[in-house]
Amino acid sequence: YVVFIVLVTLSLIIGSNARAVNQPPLNIFDANHAVDAHNFNRANVIPRASNMLKMSWNSSLGKLAQNYANNCVYKHSKNRTNIGSFWYVGENMYLQSYFDTRSKALDNAIGSWQSESDNYNYQINRCSSGELCGHYTQMVWADSHALGCGVANCRNTAQLVICNYGPGGNVNRARPYQSGSSCSNCPYGTVTCSNRLC
């Protein structure tokens, strides 16, 4: 209940006249930081994944995320189909009530999404009753190999983090990945295995 109230309150705070001063896309340091954090979590899923792709930074998705974050609107974008080569782009959002460095804000967001793994049951492919796990399952969606994130400092001391994923996950009620020995079921054409990632 406390989390829900906080998010509702923050949504109201950044709602009207809260658009951020246009902020640029993440620099290469912060972009790599986001990719590394995602890949660490993807490589360490339980149970292990047999087909988990290694993520890389996608500047187009990064610009898309930053441009939308600059609107300071805490609700999912409706314009996430047919973006570049992706028929659908996934989106995770995180909101905090204070300003941090961009890398720290990314850490907080990714850590929050990863914590949802406690609410996800791989065997039955469901969240625990009344709990969230969709941010986590998107983050570890095996086929999502392109990542782009944005961080915006909104007026009234709220900071918004958005990450976009190509192709998007959480579709067709499927599990986020196939379990098994790491890299034992990599997609056709994948020739290397790096730190349990295809």
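Q: In which sense do β4 and strand β8 pair, and over how many bridges?

A: Strands of a sheet pair through backbone hydrogen bonds, in either a parallel or an antiparallel manner. In this model, which is predicted, β4 and β8 (residues 158–166) pair in the antiparallel sense over 7 bridges.

Q: Which pairings does β7 make with β1 and with β8?

A: The pairing of β1 with β7 is parallel, over 2 bridges, and Ser 56 stands opposite Ala 146 in β7. By contrast, β7 and β8 run antiparallel and are joined by 9 bridges; here Gly 150 stands opposite Ile 162 in β8. These two strands, β7 and β8, form a hairpin with 3 residues between them. In the turn, Asn 156 has a positive phi of about 65°.

Q: Why is β7 described as largely enclosed by the rest of the structure?

A: The description follows from burial: 8 of the 9 residues of β7 are buried, so β7 is largely enclosed by the rest of the structure. For the protein chain, buried residues make up 45% of the 198 residues.

Q: How is one buried residue of the sheet to be read, for instance Asn 164: where is it found, and what is its relative accessible area?

A: Asn 164 is found in strand β8. Its relative accessible area is 1%, so Asn 164 is buried. Leaving aside neighbours within four places in sequence, Asn 164 is in contact with several residues, including Leu 61, Leu 64 and Ala 65, as well as Val 89, Gly 90 and Ala 146.

Q: Which residues of α3 are buried, and where do they sit around the axis?

A: An α-helix has 3.6 residues a turn, so residues three or four places apart point the same way. The buried residues of α3 are Leu 61, Gly 62, Ala 65, Gln 66, Tyr 68 and Ala 69. They cover an arc of only 165° around the axis, which means that they are on the same side of α3. At the start of α3, a side-chain oxygen of Asn 58 reaches to within 3.1 Å of the backbone nitrogen of Ser 60.

Q: Is Lys 75 buried or exposed, and which residues does it touch?

A: With 55% relative accessibility, Lys 75 counts as exposed. Lys 75 has its place in the loop between α3 and β2 (81–83). Not counting residues up to four places away in sequence, Lys 75 touches Tyr 68 and Met 93. Lys 75 and Met 93 are 18 residues apart in sequence, while their C-alpha atoms are 8.1 Å apart in space.

Q: How many aromatic pairs are there, and what is the geometry of Trp 87 and Tyr 88?

A: A pair of aromatic rings is described by the distance of the centres and the angle of the planes. The count comes to 3 aromatic pairs. The rings of Trp 87 and Tyr 88 have centres 5.4 Å apart and planes at 35°, so this pair is tilted. Trp 87 counts as exposed, at 53% relative accessibility, and Tyr 88 is partly exposed, with a relative accessible area of 21%.

Q: What is the geometry of the pair formed by Tyr 120 and Tyr 136, and which parts does the pair tie together?

A: The ring centres of Tyr 120 and Tyr 136 are 6.1 Å apart and the planes are at 50°, so the pair is tilted. Tyr 120 lies in strand β5 (residues 120–121) and Tyr 136 in helix α5 (residues 134–139), so the pair ties together parts that are 16 residues apart in sequence. Tyr 120 counts as buried at 12% relative accessibility, and Tyr 136 counts as buried at 4%.

Terms used
Residues numbered from 1 in each chain as written. Predicted model: local features only at pLDDT ≥ 70, side-chain atom pairs only at ≥ 80, totals over all residues. Heavy atoms only, no water. Pairing = 2+ DSSP bridges. Helix = DSSP H or I, 4+ residues; strand = E, 2+ residues; numbered from the N terminus. Buried < 20%, exposed > 50% of the residue type's maximum accessible area, 1.4 Å probe, protein only. Arc of directions from axis to C-beta. Polar contact = N/O pair within 3.5 Å; in protein donor to acceptor, adjacent residues only side chain to side chain. Contact = heavy atoms within 4.5 Å. Phe/Tyr/Trp six-rings, centres within 6.5 Å; stacked < 30°, edge-to-face > 60°.
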